[in-house]
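Reader: I'm new to this one. Can you walk me through it?

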Amino acid sequence: MRRLKRSLLLPAAAAMALAMAAAGCAQSDRDGGGDASERNESDPFIFAGASNPRSMDPIYASDGETFRVSRQTTEALLRHEPGGTELEGALAEDWEHNEEGTEWTFFLRDGVTFHDGDEFNADAVCANYERWNETTGMAQSSSVMYYWNVLFDGFAENEDDDMPDSNFVGCEAEDDLTVTIEIEEYSARYPGAFSMAAMGLLSPSTIEQIPDDPVGGDSDDPSLPEYALDDTIAGTGPYELVDWDHGSEEVKLERFDDYWGDTANIREMIIKTIDDETARRQALEAGDIHGYDLVAPADVDPLADAGFNVPERDVFNVMYLAMVGDERIEDDHPDRLEEAEALADKDVRTAIAHAVDRQRIVDTILPPGGEVATQFIPDTLSGFSSDVTTYDYDPDLAREMLEDAGYEEGDLELEFCWPTDTTRPYMPAPQDIFNVVSNDLEEVGITVNENGLIWDDYIPYTEDGACSLYLLGWTGDYNETYNFLGTWFAGYKSAWRFEDDDVFDTLDAVNAEPDDEARIELYEEANEAIMDYLPGLPLSSSPPSIAFAEDIDPPTVSPLTQEDFAETSWAE
């Protein structure tokens with residue numbers, strides 16, 4: 001079978017809280033503390049994220065804070081170039097695929113070992129992929145193995161009859177350093193899927209300790225296995241896990257001196273949780289940490305003026321207001337039926353869209369460079385359409401449309417959820433954004449029932465479509481429009497609870513279309529169909545910032561927020 005080099009089939013673009021309590025541990029109390037002039041590689045680099053990682057096994061995660069840890073400890077077959085969105089080899093030095101795009105052959109890097117001494121080879125790759133595909137029980141829930149569901153559809157034996165068949169056919173070790181992964185159908189999700197942090201490979205010895213039916217609980221409240229919550233996992237990354245202290249909300253990493261690539265510049269790294277963005281800034285200013293993510297827009301200039309390093313990432317995200325309306329929700333959430341019926345009415349969704357002053361959010365809350373989003377992708381991606389239906393701020397029109405839909409002032413009550421304990425790259429200051437949107441809705445006569453939830457509860461709750469309105473967003477995983485549109489709208493999903501053949505058929509077509517120009521046209525059609533249906537309101541795209549102490553040479557910042565902290569060093 002004739003094989004094509006990757007550039008021949010791929011699109012061109014892709015050829016592609018304890019917060020302050022923890023921070024209160026003074027720097028001078030830590031090993032290696034002291035002023036910049038005394039720094040050396042044995043001093044720990046301490047970085048603060050906004051929320052706790054969910055799992056040390058990345059396959060059970062879908063959030064950036066988990067992946068911030070796992071990207072240092074585990075690696076996938078592919079990755080993205082530093083500071084960019086082009087794919088390059090990671091554990092695979094190179095790759096190719098057959099003409100149909102259904103057989104992906106990876107030529108593996110030689111001389112790689114896992115942290116526990118296991119050899120990295122083709123058998124290890126297959127052990128990981130086959131393990132994921134053969135997962136059983138509660139782990140199949142999209143709230144647990146979200147990315148496998150999104151990228152490979154189903155499992156070898158689906159627990160749910162409504163789940164699509166697995167697109168994973170098999171994995172074959174051609175020899176020690178050559179492996180072929182076969183999929184059922186070509187998809188725009190590949191090869192980006194092979195770069196995902198969720199697909200970080202674990203050692204064969206680690207896999208052997210994983211229970212056959214590892215996840216308990218239910219889809220709203222899954223309970224992960226013990227191994228995923230401790231330090232027993234071995235990957236191949238530049239850092240290895242030493243300890244996850246759940247009490248202090250710190251993950252300690254040690255440099256892996258046998259790493260196949262450039263060894264990390266700093267021996268020890270601590271990733272801690274400080275959920276409050278003001279507390280993160282104060283901890284940096286106090287010298288208790290050496291860097292943090294999700295800098296509040298108002299803090300960027302003051303920190304830079306004070307001498308801190310505050311690099312800004314390029315825009316590669318969208319924040320949205322989801323509007324969940326589907327009468328079938330009665331089966332899962334009978335108490336939500338009335339709200340679901342209201343939001344199933346496009347006139348109501350359109351009224352909400354006209355009620356929200358998105359420009360005010362951009363002007364008063366987001367960092368410079370933020371823009372109102374007209375569709376569910378940033379304007380840098382292929383297929384961005386200038387012909388989508390737009391919804392300008394017009395509260396008078398919103399009131400009129402609500403009245404025509406049968407809702408006098410105060411008649412329509414909607415639950416509105418927002419995350420209370422975290423910020424995201426696309427969503428700084430969630431409460432401020434919630435306040436603006438909820439005030440706008442109340443101005444046109446909608447009664448908002450606020451439901452603030454901690455992040456760990458927020459994701460499964462909104463993923464299940466249990467909330468009528470909620471704030472969420474997306475930072476692209478790889479440079480492919482389908483990574484945005486397909487993730488949300490390729491089929492019926494509980495998070496959105498809508499079914500529209502026009503949207504689904506268009507995305508089915510684009511997912512199967514290997515021709516670049518045809519794909520772009522289909523993406524434009526998909527954007528227009530989605531914005532005509534209006535399952536939610538795209539709010540904004542904005543450039544997130546990250547901050548470091550002045551005595552830190554930061555890693556190359558990534559538009560995909562995929563920084564490699566092994567690049568970090570103490571400044572000379």
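Author: Helices (H or I, at least four residues) and strands (E, at least two) are DSSP runs, numbered from the N terminus. This is a predicted model, where local features need pLDDT of at least 70, side-chain atom pairs count only at pLDDT 80 or more, and totals for chains, interfaces and linings use all residues. Residues are numbered from 1 along each chain as its sequence is written, and side-chain values use heavy atoms, with hydrogens and water left out.

Reader: Where does proline 191 lie?

Author: Proline 191 is in the loop between strand 8 (178-183) and helix 5 (204-208). Most peptide bonds are trans.

Reader: New topic. At what angle do helix 14 and helix 15 cross?

Author: Roughly 140°, and the axes of helix 14 (residues 482-489) and helix 15 (residues 501-511) come within 10 Å. Axes are lines fitted to C-alpha atoms, for helices over the stretch in contact, and angles run from 0 to 180 degrees between N-to-C directions. Helix 14 and helix 15 are therefore oblique to each other. Angles under 35 degrees count as roughly parallel, over 145 as roughly antiparallel, 65 to 115 as roughly perpendicular and the rest as oblique.

Reader: Which residues make the contact?

Author: From helix 14, Tyr482, Leu485 and Phe489. From helix 15, Val503, Phe504, Leu507, Val510 and Asn511. Contact means heavy atoms within 4.5 Å.

Reader: Which residues of helix 15 are buried?

Author: Val503, Phe504, Thr506, Leu507, Val510 and Asn511 of helix 15 are buried (under 20% relative accessible area; exposed is over 50%, partly exposed in between, with a 1.4 Å probe and protein chains only). They cover an arc of only 165° around the axis, so they sit on the same side of helix 15. That arc is taken from the directions from the helix axis to the C-beta atoms. Their cover includes helix 14 and helix 16 (516-533).

Reader: What does threonine 506 contact?

Author: Asp501, Leu522, Glu525 and Ala526, leaving aside neighbours within four places in sequence. Threonine 506 counts as buried because its relative accessibility is 10%.

Reader: And arginine 424, buried or exposed?

Author: Arginine 424 is buried, at 6% relative accessible area. Its loop runs between strand 17 (413-419) and helix 12 (430-443). Not counting residues up to four places away in sequence, arginine 424 touches Ser51, Asp63, Gly64, Glu65, Leu294 and Trp455.

Reader: What is phi for alanine 429?

Author: About 50°, a positive value although alanine 429 is not a glycine. Alanine 429 is also in the loop between strand 17 and helix 12.
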